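The report that follows walks through a protein structure, moving from charged side-chain pairs to the sheet, the helices and the ligand. Please keep the sequence and the structure at hand while reading.

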Amino acid sequence: MSFDSLGLRAELLRAVREQGYETPTPVQARAIPTVLAGRDLLAAAQTGTGKTAGFTLPLLQRLAEQPAARRRLPRALVLVPTRELAAQVAESVQTYGAHLPMRCAVVFGGVGMQPQVDALRRGVDILVATPGRLLDHAGQRTVDLSAVEILVLDEADRMLDMGFIHDIKRVLALLPAKRQNLLFSATFADEIRTLADRLLDRPEHIDVAPRNTAAETVRQQVFRVDRERKAELLARLVHDGDWSQVLVFTRTKHGANRLAEKLDRAGITAAAIHGNKSQGARTRALGDFKSGRIRTLVATEVAARGLDIDGLPHVVNFELPFVPEDYVHRIGRTGRAGAAGHAVSLVCVDEDQLLRQIERLLKRQIPSATVTGFEPDPSIRPEPIVQGGRRGQGPGRGQRGARPSATTPARRAPRPPRRRAG
Ligand code: AMP
């Protein structure tokens, strides 16, 4: 199949050609005609599937079909969970819309309001936003959402995980009732289905990425190790395996910082990337990682998501995620075209339950081994893992559902463990 057969106009085909894309990805092949036909869409698609072009291209076309009104109010609204994703989607809109007279603005928290207010005042066709900051603008009447014809919820599962459901509902209340709705999500928990039922009108369903596809093409290994020796083991694995580029996941920002420091001290260049880092620091770390100046990038789930760093040779779960689907997401970052990726999880006795949940989701066991010299001490008892990475306190206190402040970067309130380990 070619892009030409999807019904896209010449300006968009030209932009696609300029990107060097030859054939539409499966999600594009299905989403583009659906959106062009004006239908609602429910799509199961992760980062890396080409989903952004899948909604951006037809959205641009639908807007281009009707000239903008004199007051240039946003006619398409794309809600995303994080500022990184907001910036990336906005960039895609610019790229694919390069030959159309469309204006795009992006609003997210953690940066000043005024430049965003100015952009909105100049007139916008497509607005990409994180929910909290969008509501701030709505509250100050610096955005008018009464002309929105198309709503996109991108990475809807992540938005719900981050506690944005109330914000999303408040945004929905500001939109005209008659509109086209597109919902993209990597996973389909009950909450997403409830939202979809409420939001979508006889949607076309697209499922291009069964939730454990990545898991089947990636070589997965578990190394059993004591919690206090994980950093040392990681340094050893990177060093002995001569790994040149490793993305390491931790659960907490603090843990990411600490680990990056430890690796650096062990002679393995590292940087941490998470929601408390400035945009500049994150961009720099990512650049250094891509260019090979640093070998390891230590990231929290949210920070790593949406970043264009797929296709890595090695991904390490320094700590297992609380949500089993996140494991699939994380390891989906590895695997270069044609080559199997490598995903290593360092699992301590506290994480047995999490590992079992992941294996249940994958419907298989992950081969587990120990490294000589790092055998777990059988006398160490499991301790509950609690939010924030500290032990010995009760589980996370009501963080889920809390709305991140609009002045801080959108970030995810980690889920407390559903069941305590051990
Ligand atoms: P996404 O899933 O939207 O984050 O896109 C993942 C990556 O795939 C991006 O770097 C896109 O530039 C790229 N991409 C999107 N569509 C195509 C296509 N049809 N052919 C090749 N690459 C694509």
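## Salt bridges

In this predicted model, the side chains of E18 and R14 meet in a salt bridge, with 3.3 Å from N to O. Side chains of opposite charge can pair when their charged atoms come close. E18 and R14 are four residues apart in helix α1 (residues 10-18), which means that about one helical turn separates them. An α-helix has 3.6 residues a turn, so residues three or four places apart point the same way. E18 is partly exposed, at 47% relative accessibility, and R14 is partly exposed as well, with a relative accessible area of 42%.

Another salt bridge is formed by E155 and K51, whose closest N and O atoms are 3.5 Å apart. This pair links distant parts of the chain, since E155 sits in the loop between β5 (150-153) and α7 (156-161), K51 belongs to helix α3 (residues 51-65), and the two are 104 residues apart. Are these two side chains buried or exposed? E155 counts as buried at 3% relative accessibility, and K51 is also buried, with a relative accessible area of 3%.

R227 and E383 form a salt bridge too, with their closest N and O atoms 3.6 Å apart. R227 lies in the loop between β8 (218-224) and α11 (230-240), while E383 lies in the segment after β14 (368-369), so the pair ties together parts that are 156 residues apart in sequence. Here R227 is buried, with a relative accessible area of 18%, whereas E383 is partly exposed at 32% relative accessibility. Salt bridges that share partners also join R30, R39 and E204 into one network. The count of salt bridges comes to 24.

The three pairs described above can be set side by side.

| Pair | Closest N and O atoms |
|---|---|
| E155 and K51 | 3.5 Å |
| R227 and E383 | 3.6 Å |

## The sheet and the helices across it

Seven strands form an open sheet with parallel pairing, in the order β10-β11-β9-β12-β13-β8-β14. The edge strands are β10 (270-273) and β14, each of which pairs on one side only. Within the sheet, β12 (residues 314-317) and β13 (residues 341-347) pair in the parallel sense over four bridges, and the bridge partner of N317 in β13 is S345.

Helix α13 (residues 279-291) lies across β9 (246-250), β10 and β11 (296-300), and runs at about 140° to β11. Helix α15 (residues 324-331) lies across β8, β9, β12 and β13, and its direction is at about 155° to β12.

In helix α2 (residues 26-36), the buried residues include V27, Q28, A31, I32, T34, V35 and L36. Among the elements that cover the buried residues of α2 are β1 (41-44), α3, β6 (180-185) and β7 (204-207). Just after α2, G38 takes a positive phi of about 85°.

Which residues come nearest to the ligand? Of the 13 residues around the ligand, these are Y21, Q28, G48, G50 and T52. A polar side-chain atom of Q28 lies 2.7 Å from a nitrogen atom of the ligand, and a polar backbone atom of T23 is 2.9 Å from a nitrogen atom of the ligand. An N or O atom in the side chain of T52 is 2.5 Å from an oxygen atom of the ligand.

Definitions and conventions. Residues numbered from 1 in each chain as written. Predicted model: local features only at pLDDT ≥ 70, side-chain atom pairs only at ≥ 80, totals over all residues. Heavy atoms only, no water. Salt bridge = Lys/Arg side-chain N within 4 Å of Asp/Glu carboxyl O. Buried < 20%, exposed > 50% of the residue type's maximum accessible area, 1.4 Å probe, protein only. Pairing = 2+ DSSP bridges. Contact = heavy atoms within 4.5 Å. Axes fitted to C-alpha atoms, helices over the stretch in contact; angles between N-to-C directions. Near = heavy atom within 4 Å. Polar contact = N/O pair within 3.5 Å; in protein donor to acceptor, adjacent residues only side chain to side chain.
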